[in-house]
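Here are my notes on the model. Please read them with the structure open.

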Amino acid sequence: MEINYQETSKDLLKRIDIHETYGARNIDLWNTEVLQPKPGYKILDVGCGAGKQCFLYSDYTKGQADVTGGDFSEELLGKARAKLDERGDKNVRFQFLDFNKPFAFEANTFDFVSSAFAIYYASDLQFTFGEAHRVIKPGGRLFVTGPLPENKQMFYDIIKEASNQDIPPMPGSSRFKGDIFNTISAFFSHTELLTFENPLTFPQVAPFVEYVRASLSEDRKLWTSMFNGKEEYEALISKIEQVATRWFERDGKLVMTKVVGGILATK
Ligand SMILES: C[S@@+](CC[C@H](N)C(=O)[O-])C[C@H]1O[C@@H](n2cnc3c(N)ncnc32)[C@H](O)[C@@H]1O
C-alpha cells in the first residue's frame, strides 16, 4: 500500500506545541520511562521529524548516548539540524532515511530503534520492520508509537458532525494493533503493546480549531478527500468551529484524549 503522506514543520510543530500546552501528561516522560536510554547506547530514531526524540535521548543520557535521527523530509531535517546547531550536542546527527528503502546501516548496530508517529506509514510493513530488525543488536529493542483506534474520539466526532462525511481512514490507527503488531511480533522474540492516555483540555474553542487546522492542512495530503481547494477547506473549518462551539457551550470545555499505543519488541 503506497501512502502519499507528507508532514510540514509548521503543522508538526504546532501540534507538538498544543500537546505540550493542553495535555495533562508528557509523552516524552513515558518514552524515556519505557526505554531508559543508557550512556554508551547507540540509538536510531526513524521518522525523527524536527528531532524531538533524539534531543530527548541526548538530554536523558546527558549527552552520553550516540543518537542518529533519520527522516525523508529535507525540510524537517533542516529544522532538526538548526536546533542541533543551537544546542551544540556532539553526540547527535541527522541524516536522510526513507523507511521504504534499505536502511544505510550495518546489521546489529543499535541498542534500540524508536519511531514515534512515523513508521506505521510504511508502504510494505514486512520490508520496513525487517530493516529495523536487521539493524538492531541481538537483545536490542524496537519501540514504535502511534495512535490506537480510540485516539482523539472527540476530534473525529466533531468533524463527522460538521461535515456529514466519513472520515478518511488514518493509515496508522487502523492497522496499529493488527498488521503492525503482528508484523513486528513475527520478527522479534518478544513483543508487547503498551498504552498511554493523555487528555488535552481546551479552555477555549480557538486552540482546538488551531489543532484541527494543523491536522487537516492540505499540505499533509491525508484529508484531501474532504475538500477541494482553499474555499472548501475554509468552509469545512468554519463548520467544524460551529460544532465545536456548540459542544463547548454545552460542556464548558473541550477534552480530546490522545490514546497512544507503544509496541515494544526485543530482538
Ligand atoms: C507525525 S511526524 C513525527 C515526527 C517525530 N517523530 C515527532 O514525534 O515529532 C511523522 C514523520 O514521519 C516522516 N516520514 C513519513 N514518511 C517517511 C518515510 N518514508 N521515510 C522516513 N520518514 C518518513 C515525516 O517526514 C515526519 O517527520
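**Notes on the predicted model**

1. Arg25 is partly exposed, with 15 other C-beta atoms within 10 Å. The burial classes count other C-beta atoms within 10 Å of a residue's own, placed from the backbone: 20 or more is buried, 12 or fewer is exposed, and in between is partly exposed. Arg25 sits in the loop between α1 and α2. Its C-alpha atom is 9.1 Å from that of Phe196, although 171 residues separate the two along the chain.

2. On conventions: this is a predicted model, in which local features need pLDDT of at least 70, side-chain atom pairs count only at pLDDT 80 or more, and totals for chains, interfaces and linings use all residues. Numbering starts from 1 along each chain as its sequence is written. Helices (H or I, at least four residues) and strands (E, at least two) are DSSP runs, numbered from the N terminus.

3. Most residues other than glycine have a negative phi. Check Gln36, then: it is not a glycine, yet its phi is positive, at about 40°. Gln36 belongs to the loop between α2 (27-35) and β1 (42-46). Gln36 is exposed, because 10 other C-beta atoms lie within 10 Å.

4. Lys152 also deserves a look. Its phi is positive, at about 50°, and it is not a glycine. The residue is in the loop between β5 (136-147) and α6 (153-163). Is Lys152 buried or exposed? Lys152 is buried, because 20 other C-beta atoms lie within 10 Å.

5. Next, α3 (52-60). Seven of its nine residues are buried, so the helix is mostly covered. The buried residues are Lys52, Gln53, Cys54, Phe55, Leu56, Tyr57 and Ser58. Just after α3, Lys62 has a positive phi of about 50°.

6. Now the ligand. There are 21 residues around the ligand, and Gly47, Gly49, Phe72, Ser73 and Ala118 come nearest. Here a residue is near a molecule if its C-beta atom, placed from the backbone, lies within 6 Å of it. Both α1 (9-22) and α3 give at least two residues to this shell. By class, the shell has 12 nonpolar, five polar and four charged residues. Ala, Val, Leu, Ile, Met, Phe, Trp, Tyr, Cys and Pro count as nonpolar; Asp, Glu, Lys and Arg count as charged; the others, Gly among them, count as polar.

7. How do α5 (residues 125-135) and α7 (residues 176-187) pack, and at what angle? The angle is about 45°, with the axes 10 Å apart. Axes are lines fitted to C-alpha atoms, for helices over the stretch in contact, and angles run from 0 to 180 degrees between N-to-C directions. The pair is therefore oblique, a class left after roughly parallel (under 35 degrees), roughly antiparallel (over 145) and roughly perpendicular (65 to 115). The crossing is right-handed, with the near helix turned clockwise from the far one by less than a right angle. Leu125, Gln126, Phe129, Gly130 and His133 of α5 meet Asp179, Ile180, Thr183, Ile184 and Phe187 of α7; contact here requires C-beta atoms, placed from the backbone, within 7 Å. These contact residues comprise five nonpolar, four polar and one charged.

8. Finally, α1 and α8 (residues 205-216) cross at roughly 145°, and their axes come within 9 Å. This crossing is left-handed; in that case the turn is anticlockwise. Asp11, Lys14, Arg15, Ile18 and Tyr22 of α1 contact Pro207, Glu210, Tyr211, Ala214 and Ser215 of α8. The contact has five nonpolar, one polar and four charged residues.

Definitions and conventions: Contact = placed C-beta atoms within 7 Å.
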